[in-house]
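Visitor: Hi, I'm new to this one. Can you walk me through it, starting with a pair of rings?
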Amino acid sequence: MGLCAWGWARCGALRLPGGAGPLCALVLGRVSPRLDGRARCGLQLPWGARGLRSSNPFTRKQEEEWRRRNRSALAYIAAAAVGMVGMSYAAVPLYRLYCQATGMGGTTGAGHGSEHIESMQPVRDRVIRVTFNADVHSSMQWNFKPQQSEIFVVPGETALAFYKAKNPTDKPIIGISTYNVIPFEAGQYFNKIQCFCFEEQRLNPQEEVDMPVFFYIDPEFVEDPKMAKVDLITLSYTFFEAKEGQKLPLPGYQ
């Protein structure tokens with residue numbers, strides 16, 4: 001409904017003299033007496049009307065500028081969101097590589113080249129007891145355990161240990177493991193030459209396998225003052241069922 005002609009009047013649908021179609025009234029308000037009811041009905045904004053485009057060029061320019069700024073802001077927000085998602089996916093492998101390089105969080109280091117291993121001099125007067133631990137996630141149906149509870153090694157000497165895994169179910173299961181070393185500070189000196197961590201292991205129904213861990217403790221272990229009282233190191237593995245989209249916990253922080 002709208003107002004037209006003199007004073008207050010309800011206007012439903014009027015036709016302009018030129019034969020224009022009916023103009024539907026939108027709002028109620030006070031209309032200036034100077035308006036000609038036959039020619040104008042619902043075309044001029046009454047005081048307080050909302051939702052209609054302003055005829056003021058300056059106001060239209062402001063509105064267009066606000067819309068442009070809003071579109072730019074939305075584009076920046078969308079780009080930032082995409083960037084954060086990408087960084088979140090990259091954070092885990094990058095942090096894992098950093099931990100393996102520094103031993104942070106109890107992560108063991110990758111073994112050095114064969115030349116370094118062959119040239120190592122065992123430190124016979126420093127014997128270290130290495131114990132082994134095995135865990136499985138609550139959703140993992142494997143049986144997983146170390147084949148030895150402990151072994152004694154000296155820095156600069158290689159050692160071999162074994163874990164055993166069995167799938168007691170009637171369906172194939174793919175597992176993947178994480179690991180850490182306790183105390184955490186010893187992780188940077190605990191180097192693996194061969195192991196089964198971070199690689200998918202498929203076991204068929206009732207299948208049982210031995211999983212070797214070939215490692216050594218770097219001779220620099222004995223030169224670190226923080227390792228002076230460390231004579232016990234525990235190597236721990238945890239198996240998870242490999243599923244699409246599942247993220248493994250970071251070593252040392254599960």
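Predicted model: local features only at pLDDT ≥ 70, side-chain atom pairs only at ≥ 80, totals over all residues.

Visitor: How are the rings of Phe-144 and Tyr-163 arranged?
Guide: They form a stacked aromatic pair. The centres are 5.3 Å apart, and the angle between the planes is 20°.

Visitor: Which strands do Phe-144 and Tyr-163 lie in?
Guide: Phe-144 lies in strand S5, residues 143–146. Tyr-163 lies in strand S7, residues 158–166, so the pair ties together parts that are 19 residues apart in sequence.

Visitor: And how do Phe-196 and Phe-239 pair up?
Guide: Phe-196 and Phe-239 are stacked, at 5.9 Å centre to centre with 5° between the planes. Phe-196 sits in the loop between strand S9 (190–194) and strand S10 (201–203). Phe-239 belongs to strand S12, residues 232–241. This pair therefore ties together parts 43 residues apart in sequence.

Visitor: Phe-196 and Phe-239: buried or exposed?
Guide: Phe-196 is buried, at 4% relative accessible area. Phe-239 is buried too, at 0%.

Visitor: How many aromatic pairs does the count come to?
Guide: The count is 13 aromatic pairs. Ring pairs also link a cluster. Its members are Phe-132, Trp-142, Phe-144, Tyr-163, Tyr-179, Phe-190, Phe-196, Phe-215, Tyr-237 and Phe-239.

Visitor: Let's zoom out. What pattern does the chain follow?
Guide: The protein chain has 2 helices and 12 strands. Along the sequence they run β-β-α-β-α-β-β-β-β-β-β-β-β-β.

Visitor: How much of the chain counts as buried?
Guide: Of its 254 residues, 33% count as buried. The chain exposes about 15,900 Å², and carbon and sulfur atoms supply 55% of that.

Visitor: What share of the contacts comes from residues 24 or more positions apart?
Guide: Among contacts with a separation of 6 or more, such residues account for 71%.

Visitor: Now the core. How many residues are in the largest nonpolar core?
Guide: It has 35 residues. Those with the most contacts inside it are Val-130, Tyr-163, Phe-215, Ile-217, Phe-221, Ile-233 and Tyr-237.

Visitor: Which strands each supply at least two residues of this core?
Guide: Strands S4 (128–136), S6 (150–153), S7, S8, S11 (208–217) and S12 do. As general background, nonpolar side chains tend to be buried together in soluble globular proteins.

Visitor: What does Val-130 touch?
Guide: Leaving out residues up to four places away in sequence, Val-130 touches Ser-149, Glu-150, Ile-151, Val-153, Phe-190, Phe-215, Ile-217 and Ile-233.

Visitor: What does the side chain of Thr-169 make a polar contact with?
Guide: One partner is the side chain of Asn-167, at 2.7 Å. The Thr-169 side chain also reaches the backbone oxygen of Lys-171 at 3.0 Å. Beyond four places away in sequence, Thr-169 touches Gln-141, Pro-205 and Gln-206.

Visitor: And Ser-236, buried or exposed?
Guide: Ser-236 is buried, with a relative accessible area of 11%. Ser-236 is found in strand S12. The Ser-236 side chain makes a polar contact with the side chain of Asn-133, at 2.9 Å. The residues Ser-236 touches include Asp-135, Thr-178, Tyr-179 and Asn-180.

Visitor: How many disulfides does the structure hold?
Guide: It holds 0 disulfides. Cys-195 counts as buried at 18% relative accessibility. Cys-197 counts as buried at 9%.

Visitor: Last topic, the backbone. Which peptide bond is cis?
Guide: The bond from Ile-182 to Pro-183 is cis, with omega near 5°. Pro-183 lies in the loop between S8 and S9.

Visitor: And what is phi of Gln-206 near?
Guide: Phi of Gln-206 is near 65°, a positive value in a residue other than glycine. Most residues other than glycine have a negative phi, and most peptide bonds are trans.

Visitor: Where is Gln-206 found?
Guide: Gln-206 sits in the loop between S10 and S11. At 47% relative accessibility, Gln-206 counts as partly exposed.

Terms used
Residues numbered from 1 in each chain as written. Heavy atoms only, no water. Helix = DSSP H or I, 4+ residues; strand = E, 2+ residues; numbered from the N terminus. Buried < 20%, exposed > 50% of the residue type's maximum accessible area, 1.4 Å probe, protein only. Contact = heavy atoms within 4.5 Å. Areas by Shrake-Rupley, 256 points an atom, 1.4 Å probe, with all protein chains shown as cover. Phe/Tyr/Trp six-rings, centres within 6.5 Å; stacked < 30°, edge-to-face > 60°. Polar contact = N/O pair within 3.5 Å; in protein donor to acceptor, adjacent residues only side chain to side chain. Core = buried A, V, L, I, M, F, W, Y, C linked by side-chain atoms within 4.5 Å. Disulfide = S-S within 2.5 Å.
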